Every structure is written in structure tokens, then in C-alpha cells.
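Hi,

Here is the structure I promised to pass on. My notes on it follow below.

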Amino acid sequence: MSGIHRTIFNRLLAAWVVVSLLTGAAVSWLGISRIDSQLVELASAQLSKVSAASLPLLNRAESQRSELNQLAVDFVRQHAIAVEFRDRNRNRVVAAVNPLHVDLEQELRGRPYSFPADGDRHFKKFTADGQTVLRLLLPLKETAGGIAGSVEGTFLIDQETLVRLRDEMIVTLLVVLFAVTLTTLCLYPVILSLNRDVMRYSNDLLKGNVELMEVLGSAIAKRDAATNIHNYRVASYAVRLAETVGLKRGEIRDLIAGAFLHDVGKIGISDNILLKPDALDAQEFEIMRTHVTLGVEILRKSDWLQKARDVVEYHHEKFDGSGYLKGLAGEAIPVTARIFAIVDVFDALTSKRPYKEAFPFAEAMMILQQGAGTHFDPRLTTTFAGIAEALYQEVSNTPEGVVESRLQALIAKYFFASR
Ligand SMILES: [Fe+2]
Ligand SMILES: [Fe+2]
């Protein structure tokens, strides 16, 4: 599974877990409420069998309560654990307990509870002796609308009914979880395909930016040395040195962009100075130095090309602080610029230019070593000395097209592979 597939899979899995838990909790809560309301309806139906008959008997004197008493005894025998009638002042007038459930009723009595006196129906569920019990309070209303009193019944819930209702709830829960799982599974290919589109657009954009980097590098090469190969070679050397010293992927990307664009500011230097075959005088050299500032200004137009900024701005700094433009020294010079300074000079020394022949490899290395600690970072120079000969053999006398295609492979590795 590739990185992006794993990311999408993990996020969908997390979403599936969260949605399943939330919907599961909601369905369970609704299911339990539904079970309670069905139990209450069942108990209400039972209590309503005595509520009408008890209404005229409720507020009679104590001596006239035998009829209500009989009603209560008959009721519990057939339907309930206990029943209790209260008058309009909430005083208990008659109560009866089913002789088969005396112990259960005793146990329930030890559990304090109270229903609000608001004239509404109320219930409470208990578990006692492993059995479910429902206590229900029904107000007894007169036809005129007043409250004559109340009846409170305690019912043993039939286990079969309870199991049936719970099974119904579990089935609903499973159906909902199945629907959530199915939706998540359907979303996976949809998100994957959308992501593929986004990746394609983002790759096209990146490709455009990399091309822009190469075009700009090529534009200045055409003005300066009339060849792109300096850019290709310095970029290749720089990447190999960066890999050897263990630079991070992002830093290597910055270094490649910097290698292409290091002298982009030379576009703004006039031909009589840029192409002068002889040594520059002090004033001309001052103008030549401005290619660094011009380069930084050109890059400012593109956020993406800012990657190259460290190399462009600091490639003429020297390790002892005697370089330009800022005169930075030591590790204050960004590592990408310190690496680049070594490979840029190495390639300049080992290449033929209109005004000079190429130095032999050994002589070029001697000049680099002499500059270690003054011009160049000594640690990086030592590392480069260890890999330079092999690099030089690989790159020198190699056709431009081959050097370019090897560099394209490095660009693909650092800019495009498994982003
Ligand atoms: Fe430069
Ligand atoms: Fe250069």
C-alpha cells in the first residue's frame, strides 16, 4: 500500500470508528428510550384497567374503602407485584401486594424514590433479584379535569418481552453499523480517485515549476558560457556531496534549484562586463558583484523559486568572511551555499573557458584544498576530496546529453518520487 493510500485508508478508518461509535451510541440511546416507552405503555394499559373503577372510590371515608381494597387485591393477583392508591392529598388510602412477590416487594421498598407531584405520568425501572421491575405512577383525573388522586403499580417485566425488545434494538444497531461501513467502503475509491486528480494537477504544477527553473538556468547559461553543461555538472556534484554529508531531502531540492539559478542575476549585467575576456577592473568587478542582488530580486517574483535563494544569495561568501555580498563567515553561511561554493569553483577550475584552459584534476584539487578554511568549509572540502575523483571521471568528457539525463533522474528522485 503506497503512502497516500495508507493515509486515506487510516483517515477513513478513523472516521469509520468515530461515526460508528457516535451512531452506535445514538441508536442505543434511542433503542433504550423506545424499550422504556413500550414497557410504560404496556404497564399503563394494565393500570388503566383499575383506574376508571377506582376513581369514585378513592376519596371515600376509611370505613368505605373495602371495595377499593378488593379492587387492589384482585388487580395485583392478576397483573402486578403491588399497587397503591393515593387520594388527592397524596395520602395512601389503599395498597396491596401480590402474595407471590412479597420478598421482591420488600427488597424494592428499601430503595427510596419519589415521583414529582405534578399530575403527570412517571415511571422508574429497577433491577431486583436479576429481574426487571417497572414502577409506574398514573394520575387519576376527574371528568371535570381535576386530580382525584393517583395509582402506582409495580410490574414484573416479562423476560421474553424484554429480550424481544432488546433483540430488535440490536438488529437496528447492526443495520446502522452496516450502513456506516458500506458508506465508508464506497467513499474509499471515490476519495482515491479525487486524490489521484489532485496529485496529477499538483504534479503538473511542480513540473511547470521545475521547467521554469531549468529554463531560467538555461537563459543565463546562453548569455554567459553559451552552454548548459556547467549547470548540469554543478547540480550533479552538489547533490552527490549533499548526499554524502547527509543533507535532508528538502535541502537537496533547494540545492538543485540553487545550482540551476546561482548566476541568474547575470542576466542584468551588461555584455561588456559579463563577456569581457580580460580581467575586470575594480569598478567593473563592483558591477559584476551586483549579480547576487539581481538574482535575489529575480527570485522574489516566484515563491517556488525562493528555494534557490540561499545558494543565489550566498554562493560568493567565503568561510573566513572575506566573500560577498554580506561577508558571512563559517556556519552562518547556509550549508547549501557552502556546498555549492566548493562544486562551483571545482567545475570552473576543471572546465575550459574562453579565457583559460581546464586545470588537471590534481591541480584543481590542490587549489580547493588550499582554499579550505579560508574560501571553503574545511569539513565539506575534505568530504568532497574523498568523492571528487570518481565524480570527475563520471562527468568530465561525458556528452552534455548524458550529464543532463543523469541530472533529470536526480530531479525526478528529489522533486517527484513519493511526495
Ligand atoms: Fe555567481
Ligand atoms: Fe557557476
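The buried residues of H4 are Val 210, Met 213, Glu 214, Leu 216, Gly 217 and Ile 220. Please keep in mind that this is a predicted model.

What covers those residues? Helix H5 (229-245), helix H6 (249-261) and helix H13 (400-416) are among the elements that cover the buried part of H4.

H4 itself spans residues 159-224, which is 66 residues. From first C-alpha to last, H4 reaches 94 Å. That is close to the 98 Å expected at 1.5 Å a residue.

The packing of H4 on H6 can be described in some detail. The two axes are 8 Å apart and meet at an angle of about 30°. H4 is therefore roughly parallel to H6, as angles under 35 degrees count as such. On the H4 side, the contact is made by Met 213, Glu 214, Leu 216 and Gly 217. On the H6 side, Ala 257, Phe 260 and Leu 261 take part. By type, the residues of this contact divide into 5 nonpolar, 1 polar and 1 charged.

Next, the strands. There is an open sheet of 5 strands, in the order E2-E1-E5-E4-E3, with antiparallel pairing. Which strands form the edges? E2 and E3 do, each pairing on one side only. From one strand to the next, the twist averages 10°.

Helix H1 (residues 3-54) packs on this sheet. H1 touches E1, E3, E4 and E5, and its direction makes about 45° with that of E4. Helix H2 (residues 66-79) lies across E1 and E2. H2 runs at about 30° to E2.

Two of the strand pairs deserve a note:

- E3 (residues 122-128) and E4 (residues 131-141) run antiparallel and are joined by 7 bridges. Lys 124 stands opposite Arg 135 in E4. The hairpin of E3 and E4 has 2 residues between the strands, and Asp 129 takes a positive phi near 55° there.
- E1 and E5 (residues 147-156) also run antiparallel, with 6 bridges between them. Here Glu 84 has Glu 152 in E5 as its bridge partner.

In general, strands of a sheet pair through backbone hydrogen bonds, either parallel or antiparallel.

**Backbone geometry to check**

Most residues other than glycine have a negative phi, and most peptide bonds are trans. Some places in this model depart from that pattern.

- Arg 90 has phi near 65°, a positive value in a residue other than glycine. Arg 90 is found in the loop between strand E1 (82-87) and strand E2 (92-97). Arg 90 counts as exposed because 11 other C-beta atoms lie within 10 Å.
- Asn 397 has a positive phi of about 60°, although it is not a glycine. Asn 397 sits in the loop between H12 and H13. With 7 other C-beta atoms within 10 Å, Asn 397 is exposed.
- The peptide bond from Tyr 324 to Leu 325 is cis, with omega near 20°. Leu 325 lies in the loop between helix H9 (309-314) and helix H10 (335-350).

Is Asn 89 buried or exposed? Asn 89 is exposed, with 8 other C-beta atoms within 10 Å. Asn 89 lies in the loop between E1 and E2, the loop that holds Arg 90. C-alpha to C-alpha, Asn 89 and Leu 299 are 90 Å apart in space. In sequence they are 210 residues apart.

His 375 lies in the loop between helix H11 (361-371) and helix H12 (378-395). His 375 has 19 C-beta neighbours inside 10 Å, so it counts as partly exposed. Which residues does His 375 touch, not counting those up to four places away in sequence? They are Lys 318 and Phe 319. His 375 and Leu 162 are 213 residues apart in sequence. In space, C-alpha to C-alpha, they are 88 Å apart.

Best regards

Methods: Residues are numbered from 1 along each chain as its sequence is written. Chains are lettered from A and ligands numbered from 1 in the order in which they are written. This is a predicted model: local features need pLDDT of at least 70, side-chain atom pairs count only at pLDDT 80 or more; totals for chains, interfaces and linings use all residues. Helices (H or I, at least four residues) and strands (E, at least two) are DSSP runs, numbered from the N terminus. The expected span of a helix is 1.5 Å times one less than its number of residues. A residue is buried if 20 or more other C-beta atoms lie within 10 Å of its own, exposed if 12 or fewer, and partly exposed in between; C-beta atoms are placed from the backbone. Two residues are in contact if their C-beta atoms, placed from the backbone, lie within 7 Å. Axes are lines fitted to C-alpha atoms, for helices over the stretch in contact, and angles run from 0 to 180 degrees between N-to-C directions. Angles under 35 degrees count as roughly parallel, over 145 as roughly antiparallel, 65 to 115 as roughly perpendicular and the rest as oblique. Ala, Val, Leu, Ile, Met, Phe, Trp, Tyr, Cys and Pro count as nonpolar, Asp, Glu, Lys and Arg as charged, and the others, Gly among them, as polar. Two strands pair if DSSP finds at least two bridges between them.
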